[in-house]
Structure formats: structure tokens, C-alpha cells
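Dear colleague,

Please find below the structure that I am handing over to you.

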Amino acid sequence: MAKKSKEPEALETDANDFHIDRDRLDVEWEKQAETFHSYAVLLANRRDRLNEAEAALDVCEAELGLAIRNDPARYQVPKVNNDAISETVRVQPEYQEAVRAVNKAKHRVELTKAAVDAMDHKKKALENMVVLHGRAYFADPLMPREVEPTTIKHIKERSRRAAARDEGQ
């Protein structure tokens, strides 16, 4: 199951969450809903963080734009117009840091979305594996343990004679 810490945002994927043990389908089903829910909540939290990062980027851009308009000489802007202000804003370290925060948040959202999608695929795989299990797809042919090697030899010999007899007819 997904690793949990005190902070819900710290939940990270665990490769075992996506593995199916076909010999323990009942256990896999028991933990499926809880694990899926953990990733879905994480995705919602990360989308919230992305929205916050995008809002912070907008605020940073607006504040830098105002600062450049109020003191263009400080930012070495010879002529104040929208294009010059926009270009100056994009090269400011605080703006670049805000852009990095948005990109990191987008990346985390995409990774978590992939985990949620994988859990959905796991659910479908579990459904299909249960159907196959019900049809004894995973059953191994078993030989009774009490059968003596001489008995097996006798059965094979009888099968061979019956096959030879059928060919002769």
C-alpha cells in the first residue's frame, strides 16, 4: 500500500501497490479501494498545490510588473511599454522561481494521475483475474500422490495398445 507520513502530501507511490498476487486475489481486492482512495486524495491535494503555485505566479508577475512601472530605471527598462515590462518580468529571479514551482507542481500532478490510472487498470485486471480464477484458469493439473510409478507405466502401456488397436481398424 502507499507509504503514509504525517503530511498527506508526502504520500509517494509504492511499486507493490501496482503488483497483483494472483494467489491472493481476496487480499488484493481488500486493499484495492483503500489504496485507490489514497492516490485519488493525493491527486486532489497536488492539484490544489498546483492551483496555489499558479496563483502565486500570477501575483509575482503582477507585483513585478507594478514595480517595473514604478521604477523602470532600477530594472534598466529604457522605454516603458507592455512588451518591455513582460520581457523584464520573465528574467527576474523571483519570477523564474515561481515558474519552477508551477512546473514542479504540474509534474507531481502528472505522476500522481499516472498512479491513479494504474490503480484503475489494476482494478480491471483484478476483475478479469477473478473471472479466470472462477474458470480454474490458474489451476495446475495434478497427479494423485498415491499413484505408484508401476501403475503410471501400466496406464501408459494400455493407452499405447488402445491407440495401436484404433490404428489397425
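Two residues are said to touch, or to be in contact, when they have heavy atoms within 4.5 Å. By that criterion, W29 touches K123, L126, E127 and V130, leaving aside residues up to four places away in sequence. Please bear in mind that this is a predicted model.

Overall composition

The protein contains 4 helices and 0 strands. Read from the N terminus, the order of its elements is α-α-α-α. Of its 169 residues, 25% count as buried. Among the contacts with a separation of 6 or more, 72% are between residues 24 or more positions apart.

Helix α3 covers residues 93-134, which is 42 residues. At 1.5 Å a residue this helix should span 62 Å, and its end C-alpha atoms are 61 Å apart, so the two values agree. Its buried residues are Y95, A98, V102, A105, V109, T112, A115, V116, M119, K122, L126 and M129. In an α-helix there are 3.6 residues a turn, so residues three or four places apart point the same way. The cover over the buried residues of α3 includes α1 (25-70) and α2 (82-90). After α3 comes A136, which has a positive phi, near 60°.

The pairing of α1 with α3

A pair of packed helices is described by the angle between their axes and the distance between the axes. How do α1 and α3 run relative to each other, parallel or antiparallel? Their axes come within 8 Å and cross at roughly 160°. Angles over 145 degrees count as roughly antiparallel, and α1 and α3 are therefore roughly antiparallel to each other. The crossing in which α1 passes α3 is left-handed. The residues in the contact of α1 with α3 comprise 25 nonpolar, 4 polar and 15 charged.

Two residues illustrate this pairing. W29 lies in helix α1 and counts as partly exposed, since its relative accessibility is 31%. Its C-alpha atom is separated by 9.9 Å from that of K122, although W29 and K122 are 93 residues apart along the chain. As given above, the residues that W29 touches include L126, and L126 is one of the buried residues of α3. D117 lies in helix α3 and, at 33% relative accessibility, is also partly exposed. D117 and F36 are 81 residues apart in sequence, and their C-alpha atoms are 9.3 Å apart in space.

The pairing of α1 with α2

The axes of α1 and α2 come within 9 Å and cross at roughly 120°. These two helices are therefore oblique to each other. Their crossing is right-handed. From α1, the contact is made by E61, L64, G65, I68 and R69, and from α2 by N82, I85, T88 and V89. Sorted by class, the contact of α1 with α2 has 4 nonpolar, 3 polar and 2 charged residues.

V89 deserves a separate note. This residue lies in helix α2. Is V89 buried or exposed? Buried residues have under 20% relative accessible area, and V89, with a relative accessible area of 3%, is buried. V89 touches E61, L64, G65, I68 and Y95, not counting residues up to four places away in sequence. Of these, E61, L64, G65 and I68 are also named among the α1 residues of the contact with α2, while Y95 is one of the buried residues of α3.

The loop between α1 and α2

Q76 is found in the loop between α1 and α2. Most residues other than glycine have a negative phi. Q76, a residue other than glycine, has a positive phi, near 55°. Q76 is exposed, with a relative accessible area of 71%.

Helix α4

Helix α4 (residues 149-168) has 20 residues. From its first C-alpha to its last, α4 reaches 29 Å, close to the 28 Å expected at 1.5 Å a residue. How many of the 20 residues of α4 are buried? The number is 0, so α4 lies largely in the open.

With kind regards

Definitions and conventions
Residues are numbered from 1 along each chain as its sequence is written. This is a predicted model: local features need pLDDT of at least 70, side-chain atom pairs count only at pLDDT 80 or more; totals for chains, interfaces and linings use all residues. Side-chain values use heavy atoms; hydrogens and water are left out. The expected span of a helix is 1.5 Å times one less than its number of residues. Buried means under 20% relative accessible area, exposed over 50%, partly exposed in between (1.4 Å probe, protein chains only). Axes are lines fitted to C-alpha atoms, for helices over the stretch in contact, and angles run from 0 to 180 degrees between N-to-C directions. Angles under 35 degrees count as roughly parallel, over 145 as roughly antiparallel, 65 to 115 as roughly perpendicular and the rest as oblique. A crossing is left-handed if the near helix is turned anticlockwise from the far one by less than a right angle, and right-handed if clockwise. Ala, Val, Leu, Ile, Met, Phe, Trp, Tyr, Cys and Pro count as nonpolar, Asp, Glu, Lys and Arg as charged, and the others, Gly among them, as polar.
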